[in-house]
Each structure stands twice: as C-alpha cells, then as structure tokens.
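Biologist: I would like to learn how to read a model like this one, feature by feature. Could you take me through it?

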Amino acid sequence: MGSIAPFWFSFFALLLLRCFSTPILPKQTYIVHMKHQDKPLSFPTHHDWYSSSLQSLSATSDSLLYTYSDAYHGFAASLSSEEAELLRQSDSVLGVYEDTVYTLHTTRTPEFLGIDVENGLWQGHSSQDLNQASHDVVIGVLDTGVWPESKSFDDTGMSEIPSRWRGKCESGPDFSPNLCNKKLIGARSFSKGYNMASGGSIMKKPKEVVSPRDHDGHGTHTSSTAAGSHVANASLLGYASGNARGMATHARVATYKVCWSTGCFGSDILAGMDQAIADGVDVLSLSLGGGSAPYYRDTIAIGAFAAMDRGIFVSCSAGNSGPSKASLANVAPWIMTVGAGTLDRDFPAYAVLGNKNRFSGVSLYSGPGMGEKPVELVYDKGSNGSDSDNLCLPGSLRPEVVRGKVVMCDRGVNARVEKGAVVRAAGGIGMILANTAASGEELVADSHLLPAVAVGRKMGDVIREYVRSDPNPTAVLSFGGTVLNVRPSPVVAAFSSRGPNLVTPQILKPDVVGPGVNILAAWSEAIGPTGLEKDTRKTQFNIMSGTSMSCPHISGLAALLKAAHPDWSPSAIKSALMTTAYVLDNTKSPLRDAAGGALSDPFAHGSGHVDPQKALSPGLVYDISTEEYIQFLCSLDYTIDHVQAIVKRPNVTCLKKFSDPGALNYPSFSVVFEKKRVIRYTRQLTNVGAAGSVYKVVVSAPPMVKVTVKPTTLVFKSVGQKLRYTVTFVAARGASRTTRSEFGSIVWSNTEHQVRSPVAFAWTML
C-alpha cells in the first residue's frame, strides 16, 4: 500500500503539465504486468483498480481493452508512450510491454500413427472404452476461428456436454450460437488488440467481422485435426480421398479466435488463454508463435504456465523457420514444442523435358491438364535487370516473355501458390517450382491455380542448367494423383524450426515431431484452397503443411492420454509422448532430414516421432510439479519480480533453486559443458506400469564424452513408486571446444517398455 501514494502523486504532477503543454499523442496497445497482491482494499476488483489507474492517466474511458485474471496478472490498454512510461514508474507495475504480433505456423494420419485400429491401442481396454472416456476431454484451439457447418464437427453419437464446462458460443453478424453442438461446445473471438493495431479503437467499427467464424481456413484445419469427427469420402478436389478424422474423434472442441488478417496479437492471445482456462479446457492447442524471448516477456509462456498449474496440457508449434539453427518458438519447458515430419503419402507429378528426361515432383493441381504437346520452358533469371524474376514475385514477369509458356520459378520469399498466380496473370500456362538450398529436397504439395510441379533442389539445378544450355527448352507437365506407402517416412520437414534452445540451452527442444506435411483436414468455405483472393474454388477439406498442422496432432493425442489416464499431470502426458517416440523410419533406418537428405538429429526431431500406441502405456514417466518448475525459473538469474510474474504467486522467494536449469526432471537432456568438464544430473522416474517392473539402462554417447549412470538397474515394487538415478557426463580431457553438437541417448528398458531420452552435447553457448 505504501507504494501507491507516490504513484498517484506522480500521475497528478504530470497530468497538470500535460494539460498545458502536451499535444495528443498516438496510442498503441500495451500489456501491463501488475503485482496482483498490491490491489488497494478500496477497489472491489482488480478490474476496478486497473480502470481507475487508467482514468487517472487519460480522459478516455475506452483505454482498458482486457483485464486478465487466470493466464496473467494485469491488463491490456491503449496508451501513448508517455502514459506507458508513467505506468512503469509505479512500484505496483512489474512491466509494460508493447503488444507483440505472432504468426500462424501454417486422410491418412490416424492410420499412419496407428490409432485407427480396433484393438490393442489402450492396454486392457477396447477402443470403445477410450472413445467413451474422450467425451469428457475438451480441447481449446486458439487460432483463426471455425467453420461450424463442417462435417468434421458433426456431433452424432456424442453424449451430453460435461456439466463442469463453463464456456459458451458467442453470437456475431455471421455466427449463431445455435451452430454449436455437443462436438463444438465453445466459440469465442478476441479482437481488441488487432483492432487497435489496425488504426481503430474499440469504439470504432472493426475492419473485419468480429465473430468466431473462420474466414482464413487455418483454425478449421487445426481444430478438426485435433478432434474432428469421422467424415467419409473426404478429399481436396479428388486428392487424398478417404476417411478424414481427428486424433481424438470423441473429444470436444472449443475455439478461441485470436488471429486476424494481419496476425495474432499478444493481447488477444492472452485474453483467449485467460478465457479458455476459466472455461475449463483440458488441452490448449496453439499453432502460432513469435521469436525467442525471456519467459517473463513471453505472453504465451506465461499463459501456458497458468494452464499447466491447473492441469491443462499445452501444445504449441515449433515454428516454420527451419532448417536454420536456433530458430524455435515456444520453448518453455512446460509447453510441448512440436516439429513437423512427413507422412507415407505423396501426390506425385512429373515434368518431361525436351531432352526426354523425366523429373518427379509433387502437386495438388486438379484442373484441366496441359496435354502431351511440349511447351517452351523459360527461366527468367536476371534478364529483366532484376534478380526477382526467377522468384516470380508479383509484377516481376513480362507477359511478352512468358505468355503461352511453362515458367520455372525458384522457391522462396513469397508464397508458393502466389508464384503460380503470378505466372498465370502474366499469361504462362504452367510452372515448375524448384527448391533452392534453403529447402533442399523437401517437397510440399499445393493446390495451384495452373498446372504446376514442385521439385527438389537437385532436380531443380539440373532443369535450370537445361534451360540455360538448350537452344529450344521445352516441358510438359502431368499429374499422378495420390500414392500411399511412401518410403522412407517419416522424414523431418526442412521448414520445421530447429534447436538449440536460445532461451534455456539446457532444455532440449523441440520435444517431438508429428505429421505436418500435406495434411488433409476440414476447411472454411469462405476462402479457396490456396487462400488467394483470385481463387474462387470452394472445398470442404484442404491439404496444408506446417508445424501448425503437427501441433494439433499432438494436442489430440494428449486428449486421448488424458482420457485414458485422467489422473496424469500435463508433464506426465508430455513425458509419455516423448519417451516412447521413435527415431527409425519405415525402412528401419534412422530418421532423415528433408533439408539435405542427411540423418536428422534431436535439434530437428527432439525425442523423435510420436507413437500414440506406445505413449498410452509408457511404463515410466518423468513427472514435474509446479514447485519444480519454479525452482527451474529461480535458476535462470531472473529477478524475484520476474519469477513471480510468470508463476503468479506472491510468496515465491527462490530460496530453493536448481544449481543448473538442466537439473529439471525433464524427459530429455541438453548438456552444455562450456567451462566445465563434469556435469551431473539426477532424474526421478515414476512407475505407471506393472508392480514388480525391473528396468536396466543402456547409454549411447559420442567418443569424447563418458557417461555414467547410477544405479544401472531400477526395481519398482509398486505402481506409482518413484525412483531416482544420477547421470554423470564427463568431457574428455583436452577435447577441443568444438562449436559442433554431438548426440546420444539414455534408455531404460525391459521386455515390455523402452523409456528413451535423447541427449544433446554442446561445448559452447550459442
């Protein structure tokens, strides 16, 4: 209370000055982090306190955009930079931050993952038992909204909505609450941050219709991937035809629209997380993110901590900034960070050149073909005095050069489907989209507006050389439909963001990879499959790629684990998915990386590719309590105020903390030697398998590191018993401080289970 008086005095003094001398300043959205416990008793609620504080700063009554309670302690407000600075001077304010814009990280999956089988999925129970248990699980999806009429949200056979559910479906100009049902049980929208950033105010009419309806498609795709109902004969214009279904077909879905045409604003995301926690979701799925930041500056990390503390599992996409090193988003250890891999399904397409050479690629083009007559092929690199012609950027192609021809375009900078639209607008009749070194051999299929084939870098280089050297280069394109049982698969997607973790290098990220390339799921009928304005086609399903697509796979699997094991913590569910993940593809070879075709590593795939069947019965789990996460945060050299801001507990003292952030009971290891030669960690395993289980350890390590585990055998006499082991990592004496990372593993196994932890070794911080 003593800190409040000077706060108000400084307001008053500055306000007098402003009345006589200060012009009206432009405003923007700020997120204000408050000391929750400092609320004066004279204010009935925190909302009243925040509102009064703002009214002392400004004559306008509409400055307060959101009051946060569950996910965050504080509020979002429209402020001038001067008003923001005034707030920072208060002892009751932990921080004042400009609103951040986050971006979206934009069938056969259930069968590929092994969850479309009738028996054997959940040990000792039938799939009907698991389906029934899933009725009580609610997945909250923060995204672009939902297309509620989609068949993926049909509620046939669903039981009554759980009585504990506190959410609702909001009405809007284009959205009736009656569109919700027993499957889609919540739909809300949060747009005040977006509206302010778009030059409006909360009193002005917004630029987009404010409702939960999805005009983008992304949110419908992700929510149906997580928990869509069975839909027969689903396809994208004939491609990937078959049964479409989500991971947890009997779980409930609640959507929170926080993303708009210009992005997803932190103030809106926080409001969505705050509401989802209050509504009673069990799983939160966020296929969006930004860059790396300390956890006390990361709104998603702070909201996710509050969710975890209430038993909610939080799954986030890792980002699409691969294959660059250290490109991850959403790296907090209480978040499941999900990378992307391929399926065993492909959409082949072919380019036959005038020299009779045939090149394989991929495409989802579904219109009239080119026929069999070869057409002139052009690659307009630099001939227009510009290096952008080869990228097929808008306005870069000259109609007199490309009209009636097949155009070769380099991948990169602008959207792949936009390149096709640019070619078509300039009069081209086909496109070969060729990868550069950045994308390597990764092939992503798109529903182009004209005949188009995407090829890898090696084939692309051969075709580029053909165009340069042949006096009369020609090509004809053809399309091969859908092919299954592709080998090898999965392969880690080149776009999937990579470790190491810049925020805390001692926590290995990403956690896992899941299906994220060419994924079929429900779509909004407000937009064509390419998302381009020129695309007037309508489809109920679309095929998309990105860690945006892999994230809801894991969200749905977490819902299944929650249904099967309702007493498990979010950390136990996360551990089960990580320690049972596989690192061999369907040819029994180590996972490969699409970026260059070489072997993948844990900075790309984390613990490996998820295996739902094994995750349902992992044998052992690495559990982590909220108190242990607080000890982890205290080990990061944050101030007490910063730690309290994340954990929202006023009595945190940091008297107990880890000597090293890597001491957290995490299911994977990231060993950073830096100036040390010896690093020692103790982990604790909880038996979730049978009583009397005995596990022995097997260690794999590079030659320059000696790894010792004590004890080497763990005997669990009872279910729920916890046992510890200590692992010591010793770097070889005289080993050079290499900038390269090395990898190994620690595996506890018996005849029933393998509990695997990857280990990353680094000798320097990034």
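Predicted model: local features only at pLDDT ≥ 70, side-chain atom pairs only at ≥ 80, totals over all residues.

Biologist: Is alanine 240 buried or exposed?

Modeller: Alanine 240 has a relative accessible area of 3%. The cut-off for buried is under 20%, so alanine 240 counts as buried.

Biologist: Where does asparagine 518 lie, and what is its phi?

Modeller: Asparagine 518 is in the loop between strand E27 (512-515) and strand E28 (519-522). Its phi is near 55 degrees, a positive value in a residue other than glycine. Asparagine 518 is buried too, with a relative accessible area of 4%.

Biologist: Now the peptide bonds. Which residues does a cis peptide bond join?

Modeller: The general idea is that most peptide bonds are trans. Proline 323 sits in the loop between strand E15 (313-317) and strand E16 (336-341). Another cis bond joins lysine 710 and proline 711, with omega about -10 degrees. Proline 711 belongs to the loop between strand E35 (705-710) and strand E36 (713-716).

Biologist: Let me step back to the whole chain. How many helices and strands does it have, and what share of its residues count as buried?

Modeller: The protein chain has 18 helices and 39 strands. Of its 766 residues, 61% count as buried. The accessible surface is about 28900 Å², and 52% of that belongs to carbon and sulfur atoms.

Biologist: Which residues have the most contacts inside the largest nonpolar core?

Modeller: First the general idea: in soluble globular proteins, nonpolar side chains tend to be buried together. In this model, the largest nonpolar core has 106 residues, and those with the most contacts inside it are Tyr295, Trp334 and Leu633. Apart from it lies another core of 29 residues, including Leu364, Val407, Ala452 and Ala454.

Biologist: How do I check a helix such as H13, and what span should it have?

Modeller: You compare the expected span with the distance between the end C-alpha atoms. At 1.5 Å a residue, the 18 residues of helix H13 (547-564) should span 26 Å, and its end C-alpha atoms are 26 Å apart, which agrees. As for cover, 18 of the 18 residues of H13 are buried.

Biologist: What lines the second largest cavity?

Modeller: The second largest cavity has a volume of about 70 Å³. Its lining includes Ile31, Tyr72, Glu98, Arg297 and Asp298. Strand E4 (93-98) and helix H9 (299-309) are the elements that give two or more residues to that lining. By type, the lining residues of this cavity divide into five nonpolar, two polar and four charged.

Note on methods
Residues numbered from 1 in each chain as written. Heavy atoms only, no water. Helix = DSSP H or I, 4+ residues; strand = E, 2+ residues; numbered from the N terminus. Buried < 20%, exposed > 50% of the residue type's maximum accessible area, 1.4 Å probe, protein only. Areas by Shrake-Rupley, 256 points an atom, 1.4 Å probe, with all protein chains shown as cover. Core = buried A, V, L, I, M, F, W, Y, C linked by side-chain atoms within 4.5 Å. 1 Å grid on protein atoms, 1.4 Å probe; cavity = no way out; pocket = protein on both sides within 12 Å on 5 of 7 lines; lining within 4 Å. Points joined across faces, edges and corners; volume = space filled by probe spheres on them. Nonpolar A, V, L, I, M, F, W, Y, C, P; charged D, E, K, R; others polar. Expected span 1.5 Å × (residues − 1).
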